[in-house]
Amino acid sequence: MDPTLVVLVDDHEILESALRDAVARVPGLAFAGVAPTVDAALDRHPDAGLAVLDLRLADGSSPLRNVARLVEHGAAVVVFTSGENPYLLRLVATTPILGIVRKSDPIQVLVDTLAVVATGTPVLSTEWAAALDSDPGLDAAGLSTQEQQVLSLFATGLKAQAVAAAMGIAVSTVEDYVRRIRSKYARIGRHADTKIDLYKRAVEDGFLPLPDSVA
């Protein structure tokens, strides 16, 4: 893992030139390339130690899971977003990211952020502080990684048997996970008694893409 190697995870390749320019202005950093998904980034640029991540990718992947996968791989993460979903921004602000930069910011903001986070130091921007302080009414359910995966599959309409087959676990285990998920949401006042409720909770918490996501 090379902390000086930067990869852009974004499905809009037009942003590649902007990031390439920003990286070129930071001594010691090098631009690895662009990938449309986290899977592609890890496959094409496994040594990149600094990931600039768009929250809304065309594959509909969960922003929270994307951050988690990159961090688990050993990469530092800077969120690069247009900020169109304040709740997702608030959620991702609580993860181990090192910075948030809006796509509308001047290129120098991205340059300065990259220069700092390349040293392992987080950059607490106005956007990050506002995200952490906003929308306090929706508490996180604290789902485990397995529970998140069950929810993201089950809430789309798949039957327990299909979820079990996809995850390689028993149907009874899936049913137990669903009961736990519903219980966790109920404890924080965000009931998920029906599959429609579960779908809404999954979208709110970023485990499923928003209905208006665009490719």
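Predicted model: local features only at pLDDT ≥ 70, side-chain atom pairs only at ≥ 80, totals over all residues.

Mentor: Start with two strands. Strand β1 (residues 2-9) pairs with β3 in the parallel sense, over five bridges.

Trainee: Which residue in β3 is the bridge partner of Val9?
Mentor: Leu53 is the partner of Val9.

Trainee: What else does β3 join?
Mentor: Strand β4 (residues 76-81). Four bridges hold the two together, and they run parallel.

Trainee: What unit do β3 and β4 make with helix α3?
Mentor: A right-handed β-α-β unit. Its parts are β3, helix α3 (residues 63-73) and β4.

Trainee: How many residues of β3 are buried?
Mentor: Six of the six, across residues 48-53. So β3 is largely enclosed by the rest of the structure.

Trainee: And the side chains in a strand, where do they go?
Mentor: In a regular strand they alternate between the two faces of the sheet.

Trainee: Where is confidence lowest, and where is it highest?
Mentor: It is lowest in helix α6 (residues 126-133), with a mean of 63. The highest is helix α2 (residues 38-44), at 96.

Trainee: New topic. How many salt bridges are there in the whole structure?
Mentor: A search finds nine. Side chains of opposite charge can pair when their charged atoms come close.

Trainee: Give me one. What does Asp10 form a salt bridge with?
Mentor: Lys103. The closest N and O atoms are 3.2 Å apart. This pair links distant parts of the chain, 93 residues apart. Asp10 lies in the loop between β1 and α1 (15-24). Lys103 lies in the loop between β5 (99-102) and α5 (107-117).

Trainee: Is Asp10 buried or exposed?
Mentor: Buried. Its relative accessible area is 1%. Lys103 counts as partly exposed, at 26% relative accessibility.

Trainee: Next one. Which residue forms a salt bridge with Glu147?
Mentor: Lys184, with the closest N and O atoms 2.8 Å apart. This pair also links distant parts of the chain. Glu147 is in helix α7 (residues 145-154) and Lys184 is in helix α9 (residues 171-187), 37 residues apart.

Trainee: Are those two buried or exposed?
Mentor: Glu147 counts as buried, at 2% relative accessibility. Lys184 counts as buried too, at 18%. The cut-off for buried is under 20%, so Lys184 falls within it.

Trainee: What about Arg180 and Asp176, how do their side chains meet?
Mentor: In a salt bridge, 2.9 Å from N to O. The two are four residues apart in helix α9, so about one helical turn separates them. Arg180 is partly exposed, with a relative accessible area of 37%. Asp176 is partly exposed as well, at 28%.

Trainee: Which residues are linked in a network of salt bridges?
Mentor: Glu147, Asp176, Arg179, Arg180 and Lys184.

Trainee: Last topic, rings. How many aromatic pairs?
Mentor: The count comes to zero.

Trainee: Okay, then what sits over the ring of Phe154?
Mentor: The charged end of Lys195, 4.1 Å from the ring centre.

Methods:
Residues numbered from 1 in each chain as written. Heavy atoms only, no water. pLDDT = per-residue confidence, 0-100. Phe/Tyr/Trp six-rings, centres within 6.5 Å; stacked < 30°, edge-to-face > 60°. Lys NZ or Arg CZ within 6 Å of the ring centre and 35° of its normal. Buried < 20%, exposed > 50% of the residue type's maximum accessible area, 1.4 Å probe, protein only. Pairing = 2+ DSSP bridges. Right-handed = clockwise from strand over helix to strand, strands pointing away. Salt bridge = Lys/Arg side-chain N within 4 Å of Asp/Glu carboxyl O.
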